[in-house]
Amino acid sequence: MGNVVDTASLQASLAEQGVKYAMASYVDIHGCVKGKFVPLDHLDNMFKGSELYTGAALDGVPQDISDNEVAAMPDADSVAVCPWDNRLAWFAGDLHLDGEPFEACSRTILKRQLDRAKAMGFTFNLGIETEFFLFRETEDGGFAPISKRDSLAKPCYDPRGMMDNLEIIDELVEAMNGLGWDVYSFDHEDANGQFETDFKFADALTMSDRFVFFRMMANEIARKHGAFASFMPKPYSDKTGSGAHYNMSLADAETGENLFSPDAGDPYGCGVSELGYQFIAGVLKHARAISAVIAPTVNSYKRLVRQGSMSGSTWAPVFACYGNNNRTNMIRIPGVGSRVECRAADIACNPYLGAALVLAAGLEGIENAMDAGEPHRENMYRYSDQEIDAMGVTMLPRTLGEAITDFAADPLAREVFGERMFGAYVDFKQDEWESYHTGVSAWEIERYLKLF
C-alpha cells in the first residue's frame, strides 16, 4: 500500500456498521483465504503489520520453520464487511518479510505484473465468471444436489433447479450487490447442482480479491442453509465441470479507453484490435505453462477433455488456439468483441497467480508484436489429434503432470513467479501429482480386483 490510511476514521466507520473484528487476510498457494482476527480496537496495529504468520505452516508459502515470520499488510481499499456476519470485516493483504514485500506472496506477484503493464501504459481489466456447485451431504457420506428435482440429463438454464436453490442464490447475489459488485446475471449451469454468477469486471487486483472472497462467502452462506459450496473443478465424471473464464482487456492507463476495441482496425475480423491479437498470441505461446496455474489440480484435467464419459460436449477447451464466438477454443472472442476470454481457467485457480502469468504472456506478445494467426471458427472438437497436429495447433496438457513439466520448463513462469514461489509451486504440484498416483482409486478396484 502506498497511501497513508486514516485508521481512526476507518475504525469508526466499521464500528457504525456493527463490526467487532477485522481480518488481515492473504492466500496460500491454492488461493484459499487465510488470516487472523483482530478486535477493532487494534485496527491501527494491524495496519502496522502486527499480525505475523509462520509461512512454513501453510501450503506454498516457501519458508523454513526457522525463518522470520511474514506479516499480512492489509489493503484498506479492499475492505468488505462480511454479509453473512457483519461482526467481521475482511481485508485483502500483501505479505511482508522484515519490513519489505515478500517475493513469494501471490498478491505481490500479480502486482509486479500490473506495475509492468502500467509502465507500458496499460491497465489490466478482468472479469471472472464464477461457476460452482451447491450440494447437500447424504447419509452415506456422499453428496447430492440440494433439490431432488435437479435431476435432468440436461439441466442447463432450468428455472426449477434455480428456484429450488433460490434461498441460497438470492442471499449470495444480494451479498455481492451489497458489496458493489453489480451482478448482472445468474443461472443454473449444465450439471446438476451447478450454478454461475456473472458480475461486472474490475481491475485485475480488485477482481482477484473479489474472487477469493467469493469462494469463502458462497461457502459460509451455503452453510447457513445446511448445504455446502464446492469449487472442485469436476465432481462428476459424466457432467460438465466448473470453469472460471477470464474475460480480459487492456485499457489506457491515463484515459481508461479500452485498447482491445477494434475501432482502429481488426485484422482478423473477430472483434478486437491488433493489440488484442498480439496479446492473444503471447497467451497461446505460453498456454501449456499457463495451464498449470489456471487449471491447477489433478481434477482440473478431467474437465479439459472433448467428451470423456459424457453424453455431450464438455464446453471446455482442449487446444491452444483462438477464434471468434467459438467455445471450442482456449481463447474465445465473444460476439460483443473488445475483450478476450480464456476458457481453460477453472474455479479452483489462485486468481492472483493465474492473472499474473496470463498478463505477462499477453504483454510479451505485445512487446514482440506477435501474430496470432488465422482464427478458428469451426468446431475444434471434430478434428482428430492427427488433424490438429497437421494444422500446427498445440494441445493443452492432458494431465497436471504434463502441465507442471511445461511450467517448469518455461522461463516466463520463473520470471513471473520469482525464484522462491516458482520453486515452491513446481515442488508442490509435482508432489501432488505423485501423491495422486500412489492412491488406489475406486475405478481401479472395480476394473481390476476380479479381472484376472
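Helices (H or I, at least four residues) and strands (E, at least two) are DSSP runs, numbered from the N terminus. By this count the protein has 14 helices and 21 strands. The radius of gyration, taken over C-alpha atoms, is compared here with a globule rule of 2.2 Å times the number of residues to the power 0.38. For the protein the radius is 22 Å, close to the 22 Å that the rule gives for 452 residues, so the protein is as compact as a globular protein of that length. The model is predicted, with local features requiring pLDDT of at least 70 and side-chain atom pairs counted only at pLDDT 80 or more, while totals for chains, interfaces and linings use all residues. Residues are numbered from 1 along each chain as its sequence is written, and side-chain values use heavy atoms, with hydrogens and water left out.

The C-alpha trace spans about 65 × 55 × 45 Å along its principal axes. Accessible areas come from the Shrake-Rupley method with a 1.4 Å probe; for residues, only the protein chains shown count as cover. The protein exposes about 19700 Å². Carbon and sulfur atoms supply 49% of that area. Residues are classed as buried under 20% relative accessible area, exposed over 50%, and partly exposed in between (1.4 Å probe, protein chains only). Buried residues make up 56% of the 452 residues. A contact means heavy atoms within 4.5 Å. Of the contacts with a separation of 6 or more, 70% join residues 24 or more positions apart.

A nonpolar core is a set of buried Ala, Val, Leu, Ile, Met, Phe, Trp, Tyr and Cys residues joined through side-chain atoms within 4.5 Å. The largest such core has 134 residues. Met330 and Phe407 have the most contacts inside this core. Helix 6 (residues 204-224) gives the most to it, with 12 residues.

Strands of a sheet pair through backbone hydrogen bonds, either parallel or antiparallel. Two strands are taken to pair if DSSP finds at least two bridges between them. Methionine 248 stands opposite valine 340 in strand 20. Axes are lines fitted to C-alpha atoms, for helices over the stretch in contact, and angles run from 0 to 180 degrees between N-to-C directions.

A four-stranded open sheet has the order 3-4-7-8, with antiparallel pairing. Strand 3 (52-53) and strand 8 stand at its edges, each with a single partner strand, so one side of each is left without a neighbour in the sheet. Two bridges join strand 3 to strand 4. Here leucine 52 stands opposite alanine 71 in strand 4. Strand 4 (residues 70-74) pairs with strand 7 over five bridges. Alanine 71 also stands opposite histidine 96 in strand 7.

Five of the five residues of strand 7 (residues 93-97) are buried, so this strand is largely enclosed by the rest of the structure. Gly93, Leu95 and Leu97 point one way, and Asp94 and His96 the other way. Strand 7 meets strand 8 (residues 100-101) over two antiparallel bridges, with leucine 97 opposite glutamate 100. These two strands form a hairpin with two residues between them. Aspartate 98 in the turn has a positive phi of about 55 degrees. Helix 3 (residues 106-119) lies across strand 7 and strand 8, running at about 100 degrees to strand 7.

Helix 8 (residues 287-294) is mostly covered, with seven of its eight residues buried. Among them are Ala287, Ile290 and Val293. Serine 300 is found in helix 9 (residues 300-303). This serine is buried, with a relative accessible area of 0%. Not counting residues up to four places away in sequence, serine 300 touches Pro233, Ala295 and Asp346. Serine 300 and glutamate 374 are 74 residues apart in sequence and 28 Å apart in space, C-alpha to C-alpha.
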